[in-house]
Amino acid sequence: MASLWALIKKDLIQEWRSKDIISAMLAFAVLTLFIFNYALSLSPQAQASIATGIVWVLVVFAGTLGINRSFSAEQDQDCFDALLLGAPDLSLVYLAKMLSNFLIMALLALFLLPVYSLLYNYSLFNGLFVGLILLGAWAYSAMATLLAGLSVQTRMRDMLLPVLLFPLLMPVNIAVVKAGAGILEGLPFADFSIWFTLLAAYAVIITTISSMVFEYVIKE
Amino acid sequence: MLSKNKWLSVLSVLAVLAVFGALALVIFYAPLELTMGLPQKIFYFHVSSAWLGMVSFFVAAIGGILYLARGKEVHDALSLAGVELGLLFSVLGTVTGMLWARPVWNTYWTWDPRLTTMTIMGFTYLGYLLLRRAIDSPTRAARLGAIYAIVGFVSVPLTFFSARLLRTIHPTIFGNTGEKMVMTSPMYQTMAASIVAFTLLFVVLLWHRVRLEMAQRMLDSEPEEGTAKHQVAKFDARGEEQ
């Protein structure tokens, strides 16, 4: 537990000192929202059905931008060797990376929700909705962190992550968008609770499998 | 060195005969379906291809797990062969489905769960191949490919399940949701024959592909001391020095 916390702290301190990733992600997300506004001529009437979709796409795209960098420090400075020597258990390295990515994604989401609500005069501040986005962010980080560990070791690096990630992320995308639409349209929870179950199942399964296979990601 | 395998030769001939036999059954034996007519006949090969598109993922994942556990190259070759055949059969399944859908659904494409899942599966296979192509070291390609095959295999049923929760208009033969398609026993026999023939073809192709991959790697690897290839390599090296 102590070493897990130490690893998370390392990532967060590193990010806190530079703020490279989070600032790029936030700017990218807001700019993409502006593109969507004109590309899809977003009108206040259409809000309930597409608001979740828009917010989730922003989270996924901006998240991919950020998570792509999550192993680049280790790769560039050859710190994988240090992690191999230092970490008591390599699945902890994965869990720590996954959790720090999740925290950054959560920060991004908690920034995007008020911005979206402000710009469209449409409140997304619903406890269940925030919970849904956070659960989605966990499912997303679980898969993206593992695949970032793969793509960083290839020649194509940043280019490859979306191609590897997006097909495998399909269940998460469907579940978040469907559950979100249900919440914003004010349906009873029982109508869309299955999507929450699916998201939670995905997150737990992928987190478990990833922490099992992660040692093969970094061990030559 | 890889030598000719008698069983594989026999099996290859059998597979080709079986596929032609199934084709003959589809054309001459299976009756015309009442409402769909002739386009329905593509269904026999469509179902077989789709089935193998899914089986391939299983093969690839098993190969991946065995490779990570034991580190034998042949398991990596199995995984790679599984993915390549998976891409082939899922494209075949999708294309035959689209040809069928045009006259029956009046459109080539709907966002139906099965179509979507099959296509996403194809993209996962493609991702695997792109991943391997972008890695120079063969052992690293094998290792990372195995991991991707495993998580891909886990994610595909979840994709299917999540898409299935949305409504479906795809006819179902097995299971109990969606529009029912009623089949007579000659149709069932033809379908069973097609699936068996395609599965046999799949096994033969898989076997050939694994052997080809192993032969390729043997050629690429350092020649062993004393073999003819080693002598040639030594001779070439001397030539370059002078």
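**Notebook: chains A and B, contact and salt bridges**

I began with the pair that joins the chains: Asp136(B) forms a salt bridge with Arg155(A), the closest N and O atoms being 3.0 Å apart. I took a salt bridge to be a side-chain nitrogen of Lys or Arg within 4 Å of a carboxyl oxygen of Asp or Glu. The count between chain A and chain B is one salt bridge.

I note that this is a predicted model, in which local features need pLDDT of at least 70 and side-chain atom pairs count only at pLDDT 80 or more, while totals for chains, interfaces and linings use all residues. Residues are numbered from 1 along each chain as its sequence is written, chains are lettered from A and ligands numbered from 1 in the order in which they are written, and side-chain values use heavy atoms, with hydrogens and water left out.

**Entry 1. The contact between the chains**

I looked up polar contacts next and found eight residue pairs between chain A and chain B, both residues at pLDDT 80 or more. A polar contact is a pair of N or O atoms within 3.5 Å; within protein, one must be able to donate a hydrogen and the other to accept it, and residues adjacent in sequence count only if both atoms are side-chain atoms.

On the side of chain A that touches chain B, the elements giving two or more residues are α7 (127–151), α8 (160–168), α9 (170–184) and α10 (189–218) of chain A. Helices are DSSP runs of H or I with at least four residues, strands are runs of E with at least two, and both are numbered from the N terminus. I recorded α10(A) as the source of the largest share of this side, 11 residues. By class, the side has 24 nonpolar, two polar and four charged residues. Here Ala, Val, Leu, Ile, Met, Phe, Trp, Tyr, Cys and Pro count as nonpolar, Asp, Glu, Lys and Arg as charged, and the others, Gly among them, as polar.

The contact (heavy atoms within 4.5 Å) takes 30 residues from chain A and 28 residues from chain B. I read the buried area as about 2800 Å², with 76% given by carbon and sulfur atoms. That area is the accessible area (1.4 Å probe) that two parts lose on being put together, summed over both. In chain A, Arg155(A), Leu168(A) and Tyr216(A) lose the most area to chain B, together 20% of what that side buries.

**Entry 2. Nonpolar cores**

I then asked which residues touch the most other members of the largest nonpolar core. Of its 110 residues, they are Leu124(A), Tyr140(A), Met143(A), Leu147(A) and Tyr148(B). A nonpolar core is a set of buried Ala, Val, Leu, Ile, Met, Phe, Trp, Tyr and Cys residues joined through side-chain atoms within 4.5 Å. Buried means under 20% relative accessible area, exposed over 50%, and partly exposed in between (1.4 Å probe, protein chains only).

Not counting residues up to four places away in sequence, Met143(A) touches residues that include Leu168(A), Tyr202(A), Val151(B) and Ser155(B). A second, separate core of 24 residues includes Ala22(B), Leu85(B), Phe89(B) and Met187(B).

**Entry 3. Salt bridges within the chains**

I found 10 salt bridges over all chains. One of them joins the side chains of Asp11(A) and Lys97(A), at 3.0 Å from N to O. Asp11(A) lies in helix α1 (residues 2–18) of chain A and Lys97(A) in helix α6 of chain A, so the pair ties together parts that are 86 residues apart in sequence. Both Asp11(A) and Lys97(A) are buried.

Arg69(A) and Asp158(A) also meet through their side chains in a salt bridge, at 3.6 Å. Arg69(A) lies in the loop between α3 (47–67) and α4 (72–76), and Asp158(A) in the loop between α7 and α8, all of chain A, so the pair ties together parts that are 89 residues apart in sequence. Arg69(A) is partly exposed at 39% relative accessibility, and Asp158(A) is partly exposed at 34%.

Glu213(B) is buried at 12%. Arg209(B) and Glu213(B) belong to a network of salt bridges that also links Glu73(B), Asp76(B), Glu84(B), Arg132(B) and Arg217(B).
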